[in-house]
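Work through the following exercises with the sequence and the model side by side. Try each task before reading its solution.

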Amino acid sequence: MSSEEDDDQISTADTMRERADESKLKLWLLLGANRQLVTGVLTAAFFGLFMLGSLLEPTLSDLLQDPGVIESLYAQMIGALITGVTLVVTISQLIISQENGPLGEQRTRMSETLDFRDYIKELTDKPAPADPSAFLREIIDATQQRANTLDEAMESTDNEDLRDEVNEFVDSITGNAETVREKLDGAKFGTFSVVHASMDYNYSWNIFQIERLLADYEDDIDEEQRDALEDLRTSFAMFGPAREHIKTLYFQWELINLSLYILYAAIPALLVSGLMLTFVDATTFTGMILGVETLLWVVAITFTITLVPFFLLTSYIMRVATTAKRTLAIGPLILRDSQR
């Protein structure tokens, strides 16, 4: 079987959830869940495992009777927190520095942005919306309209295989467009919902399908049908950079939020570490709570609090890294196994 025949038989699911071939819970944890909620889950899980480990290995409780253990533990945490906060401030400065520049660079950025908005105006026959979700919806609407135009143009072809493929192709585009449009409706920038919905629009695969149709049925396509295919490919090609631009803005927005949240969490974490280092030893807390030494409860709670900034970093980077990986390629490139 030739490579072209192999390509013809390749198909892929439209939504990211179907293409990912991973559990719904995993994708929810990596992408969909609120980042503060994920941070809370990580914090609670660490606290539970810490207490479970101390109960399964009673000698760990005995180590806390040594004043040097608590002193060493929280002294190390203070150093780690200061280093981590410094790193976060550096990241914030790098993000902010991307927005700074001489007048010429700012003028170029503005010119390129306005040029792209003009392209969208030509595509949709109306001014491009300012709202990111509405901006993407306009492109999707224009794409669906051009798909319908293609379907109508193909009614005159004598090649039944071509007509059947185009009908199936247009049905797939329509279904995918309706799914993404519904998710974008009411989505607000600053939340992950806009980017998450845009990841479900399978524009890159559709560009490849158009190129394949133009190549495979070159002798059966007339000028009107070719123009309809080219117009449809242009509309899909406009969606790619639009999504990447909105995704980039979202990454900057989220990384700035992450920097602020870590700074907020680092202050009480440093305070708790300093208090534990200065005032707490084996004689400070005595007695038992629920059959567990009070000192162990205090150490578990305070040590978990000192780790909250790192749990915040983990929860946000999980989403940013996963999103970047799943939108790594722009255009008709499939980087993961397609369904066959």
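A residue is called buried when its relative accessible area is under 20%, exposed when it is over 50%, and partly exposed in between. Keep in mind throughout that the model is a predicted one.

**Exercise 1. A salt bridge within a helix**

Task: Find where Arg233 and Glu230 lie, and decide whether Glu230 is buried, partly exposed or exposed.

Solution: Begin with the location, since Arg233 and Glu230 both lie in helix 12, 3 residues apart, which is about one turn of the helix. Next, look at the side chains: Arg233 forms a salt bridge with Glu230, and the closest N and O atoms are 2.6 Å apart. Finally, apply the cut-offs: Glu230 has a relative accessible area of 27%, so Glu230 is partly exposed, and Arg233, with a relative accessible area of 25%, is partly exposed as well.

**Exercise 2. A buried aspartate**

Task: Locate Asp200 and name the side chain with which it makes a polar contact.

Solution: Asp200 is found in the loop between helix 10 (193-198) and helix 11 (203-216). Its relative accessibility is 3%, so Asp200 counts as buried. The side chain of Asp200 makes a polar contact with the side chain of Lys183, at 2.4 Å.

**Exercise 3. Two surface patches**

Task: Which residues form the negative surface patch, and which form the nonpolar one?

Solution: The negative patch consists of Glu160, Asp161, Asp164, Glu168 and Asp171. Taking Glu168 as an example, we find it in helix 9 (residues 160-184), where Glu168 is exposed because its relative accessible area is 60%. The nonpolar patch is formed by Val89, Ile256, Leu260, Tyr261, Leu263 and Tyr264, which together have about 490 Å² of accessible area. Helix 12 (residues 223-279) supplies the largest share of the nonpolar patch, namely 5 residues. Val89, for its part, is located in helix 6 (residues 67-99), and its relative accessible area of 33% makes Val89 partly exposed.

**Exercise 4. Sequence and space**

Task: How many residues apart in sequence are Met77 and Leu277, and how far apart are they in space?

Solution: Counting along the sequence, Met77 and Leu277 are 200 residues apart, and in space they are 10.0 Å apart, C-alpha to C-alpha. Met77 lies in helix 6, and with a relative accessible area of 8%, Met77 is buried.

Methods: Residues are numbered from 1 along each chain as its sequence is written. This is a predicted model: local features need pLDDT of at least 70, side-chain atom pairs count only at pLDDT 80 or more; totals for chains, interfaces and linings use all residues. Side-chain values use heavy atoms; hydrogens and water are left out. Patches are made of residues with over 30% relative accessible area and no salt bridge: like charges are joined within 9 Å, nonpolar side chains (Val, Leu, Ile, Met, Phe, Trp, Tyr) within 5 Å. Accessible areas come from the Shrake-Rupley method with a 1.4 Å probe; for residues, only the protein chains shown count as cover. A salt bridge is a side-chain nitrogen of Lys or Arg within 4 Å of a carboxyl oxygen of Asp or Glu. Lys and Arg count as positive and Asp and Glu as negative; His and the chain ends are not counted. The place of a charge is taken as NZ of Lys, CZ of Arg, CG of Asp or CD of Glu. Helices (H or I, at least four residues) and strands (E, at least two) are DSSP runs, numbered from the N terminus. Buried means under 20% relative accessible area, exposed over 50%, partly exposed in between (1.4 Å probe, protein chains only). A polar contact is a pair of N or O atoms within 3.5 Å; within protein, one must be able to donate a hydrogen and the other to accept it, and residues adjacent in sequence count only if both atoms are side-chain atoms.
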